Amino acid sequence: MIAEVKPTATATLTLDGVEVSFTEGETIYEVAERAGREVPTLCYDARLEAFGGCRLCVVEVDGMRAPVASCTTPATAGMVVKTTTDAIEKHRRTLLELVASENRENEVDELRGHASQELKSLLDRYEVRGGRFAGRQSGTSNSTDDNPFILRDYDLCISCYRCVRVCAEQEGDHAITMMNRGFEKQITTEFNGILKDSACTFCGQCVQTCPTGALGDRKAMRAESLPGEVEKTRTVCPYCGVGCSVDLLTKEDRLVGVQPAMDGPANEGALCIKGQFAFDFVQHEDRLKMPLVRDEDGELHETDWETALDRAADGFKKAAGEHGRHAVYGVASGRAPHEAAYTMQKFIRAGFGTHQIDNCSRA
Ligand code: SF4
Ligand code: SF4
Ligand code: FES
């Protein structure tokens, strides 16, 4: 029996003088974003439960005494919302001044992470420069954590909790949390140790959601001083069959980093350690560029493709001739593109008459 699907209830509210419809369960922020309003946010990540920490997304709602955080306030029928008033903009600018005053620096290289430019973009938009509230600064960078993947530069942390929440809600790892209060507040692991000794899988999701660059992609940051602009090329991670969408970061002709595609249908911004950080093989000096065959001396020697393919064909023929067609088993590389994977199964099925073909992502 097919289950009955209830139609989702829709209603309307007034947004900046315009009547807009919304679906039950949406927040004011979601309605405003869909309607094209540019409500600023810092602690918001569409993939995570709304948190309501930074208060930048505040809006005015008729009948409510104080501005409300639009990311945590449900839209209700008949609501009258103003997203941009002089008072709201002043409130946002002051909040940004407080944040900017607390950080050692507010401008970091874009190679630090996907969201690393969010704070800087807002400071530019509101023409905020640090200094008005200069004084004590919070956060202590963890310089003892010398893992090769993640920079923990908490002098730039604004306590938005996005890293902690993505680790718990998306990765399910709960590797990091927050300790202390006020200026002493600090992102930490259990027993305040290093990531390697925690439940961290080095997936990099915390790095990519951090809006200030307090968490940085150490592998990509190696290229900060290289000449050239960062270019992004959308593609699919070649490591396994999940098909995570990624943006390859290049400078001139060099691959310098990888960032997850937040709108990737298979991964929605998530990657594993391999897809995120294991790209050095592409330009590694030990990478094979010529086929190798083992000669009578037992050693591998470089040769041309024709010789290598002839040797492989002879080996296949010998195995199938002596032991039958099921003596051949093909395992396609998870790094191969679809076309190569298709050719591989054709080669095994049509060439040898066996269905013994698989892919290393399943093997
Ligand atoms: S790298 Fe992944 S597992 Fe490690 S702390 Fe960050 S989000 Fe958690
Ligand atoms: S490290 Fe980055 S993501 Fe985590 S709380 Fe600080 S600013 Fe937010
Ligand atoms: S984005 Fe709404 S409170 Fe931070």
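Helix α4 (residues 162–169) is mostly tucked away, with six of its eight residues buried. Here, buried means that 20 or more other C-beta atoms lie within 10 Å of a residue's own, exposed means 12 or fewer, and partly exposed is in between, with C-beta atoms placed from the backbone. Helices (H or I, at least four residues) and strands (E, at least two) are DSSP runs, numbered from the N terminus. All of this comes from a predicted model, in which local features need pLDDT of at least 70, side-chain atom pairs count only at pLDDT 80 or more, and totals for chains, interfaces and linings use all residues. Residues are numbered from 1 along each chain as its sequence is written, while chains are lettered from A and ligands numbered from 1 in the order in which they are written.

The buried residues of α4 are Arg162, Cys163, Val164, Arg165, Val166 and Cys167. What covers them includes β7 (177–179), β8 (186–188), α5 (205–209) and β9 (215–217); contact here means that the C-beta atoms of two residues, placed from the backbone, lie within 7 Å.

Cys167 turns up again at ligand 1: of the 14 residues around this ligand, Cys167, Asp173, Cys200, Cys203 and Cys206 come nearest. A residue is near a molecule if its C-beta atom, placed from the backbone, lies within 6 Å of it. The elements giving two or more residues to this shell are α4 and α5. Sorted by class, the shell holds nine nonpolar, three polar and two charged residues. Ala, Val, Leu, Ile, Met, Phe, Trp, Tyr, Cys and Pro count as nonpolar, Asp, Glu, Lys and Arg as charged, and the others, Gly among them, as polar.

In the loop between β8 and α5 sits phenylalanine 202. Its phi is near 55°, a positive value in a residue other than glycine. Most residues other than glycine have a negative phi. Phenylalanine 202 counts as partly exposed because it has 19 C-beta neighbours inside 10 Å.

Aspartate 16 also has a positive phi, of about 50°, although it is not a glycine. It lies in the turn of a hairpin formed by β1 and β2, with two residues between the strands. Six bridges join β1 (residues 10–15) to β2 (residues 18–23), and the two run antiparallel. Within this pair, leucine 13 stands opposite valine 20. Aspartate 16 has 15 other C-beta atoms within 10 Å, so it is partly exposed.

Further along, three strands form an open, antiparallel sheet in the order β10-β11-β12. Since β10 (230–236) and β12 (254–260) stand at the edges, each with a single partner strand, one side of each is left without a neighbour in the sheet. Neighbouring strands are turned by 30° against each other on average, direction ignored. Seven bridges join β10 to β11 (residues 245–251), with lysine 232 having leucine 249 as its bridge partner. Two strands pair if DSSP finds at least two bridges between them.

Histidine 114 lies in the loop between α2 (86–102) and α3 (118–125). It is buried, because 22 other C-beta atoms lie within 10 Å. Leaving aside residues up to four places away in sequence, histidine 114 touches Gln208 and Gln259.

On the scale of the whole chain, the assignment gives domain 1 (10–84), domain 2 (96–283) and domain 3 (292–359), with bounds that come from an automatic or database domain assignment. The centres of domain 1 and domain 3, taken over C-alpha atoms, are 59 Å apart.

How values were computed:
Axes are lines fitted to C-alpha atoms, for helices over the stretch in contact, and angles run from 0 to 180 degrees between N-to-C directions.
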